[in-house]
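Here is a friendly walk through one model. Please keep the sequence and the 3D view open as you read.

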Amino acid sequence: MDSIKVAITNSQKAVKIPTGIRLLIRRSCHAVLELEGFEGSTEVSVTFVDNEQIRQLNAMHRNIDKATDVLSFPLGENGEYDINHDTGAKLLGDIVISMEKAVEQAELYNHPIQREISFLTVHSMLHLLGYDHENGGLEAVRMREKEETVLTRIGWKRNDSYYMGDE
């Protein structure tokens with residue numbers, strides 16, 4: 001992997017973004033690409049929203065009219081990605097994180113908001129690279145194992161309290 005550009009935007013006012021989150025998101029994205037042996041330069045966007053904004057996006061793009069924690073909008077398929085013609089970087093896609101849901105889940109699982117945001121970023125990056133857990137089974141287990149491997153590599157210990165139910 002050559003380089004990764006992560007554009008981070010805060011489009012919500014419900015939750016104050018903790019210090020160091022931008023660096024943590026970049027580290028999380030980089031760790032996923034490193035684990036996957038991803039070749040070439042890449043670009044990803046991450047946007048923080050509130051529950052109402054993510055509910056609207058979820059309804060519009062997935063026909064599910066409820067708030068969720070994170071949405072992934074991949075720009076590639078089967079290893080083929082759009083290219084930024086100015087930089088030559090592969091455009092992986094967009095990650096949208098509900099900061100309100102992140103806070104709720106951090107409290108529910110009794111871990112820091114930083115770990116939750118890191119997990120949501122890693123989870124969504126794997127979706128951008130083509131992983132899917134929607135049908136359960138081996139694919140969901142494989143994705144979960146990769147998430148925990150990346151989180152461990154960037155300093156978050158394995159957490160037995162994760163949830164693999166409906167999203």
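The report below covers the basis of the model, its core, a pocket and a few loop residues.

## Basis of the model

This is a predicted model, in which local features need pLDDT of at least 70 and side-chain atom pairs count only at pLDDT 80 or more, while totals for chains, interfaces and linings use all residues. Residues are numbered from 1 along each chain as its sequence is written, and side-chain values use heavy atoms, with hydrogens and water left out.

## The nonpolar core

In soluble globular proteins, nonpolar side chains tend to be buried together. Here the largest nonpolar core has 38 residues, of which Ile25, Phe48, Leu92, Ile117 and Met125 touch the most other members. Such a core is a set of buried Ala, Val, Leu, Ile, Met, Phe, Trp, Tyr and Cys residues joined through side-chain atoms within 4.5 Å. At least two residues each come from β1 (4-10), α1 (21-35), β2 (42-49), β6 (90-98), α3 (99-109), α4 and α5 (137-153), and α4 provides the largest share, 8 residues. Helices (H or I, at least four residues) and strands (E, at least two) are DSSP runs, numbered from the N terminus.

Take Ile25 as an example: beyond its neighbours within four places in sequence, Ile25 is in contact (heavy atoms within 4.5 Å) with Val6, Ile8, Val46, Phe48, Ile117 and Thr121.

## The second largest pocket

The second largest pocket holds about 320 Å³ of space. It is lined by 21 residues, and Ser72, Pro74, His127, Tyr131 and Asp132 are the closest to its centre. A pocket is an open set of points on a 1 Å grid over the protein atoms alone where a 1.4 Å probe fits, with protein on both sides within 12 Å along at least five of seven lines; lining residues have an atom within 4 Å of a point. The volume is the space filled by probe spheres set on the points, which are joined across faces, edges and corners.

β3, β4 (76-77) and α4 (113-128) each supply at least two lining residues, and β3 gives the most, with 4 residues. By class, the lining has 7 nonpolar, 9 polar and 5 charged residues; Ala, Val, Leu, Ile, Met, Phe, Trp, Tyr, Cys and Pro count as nonpolar, Asp, Glu, Lys and Arg as charged, and the others, Gly among them, as polar.

## Loop residues

Asn78, in the loop between β4 and β5 (80-83), has a positive phi near 55° and is exposed at 74% relative accessible area.

Key: Buried means under 20% relative accessible area, exposed over 50%, partly exposed in between (1.4 Å probe, protein chains only).
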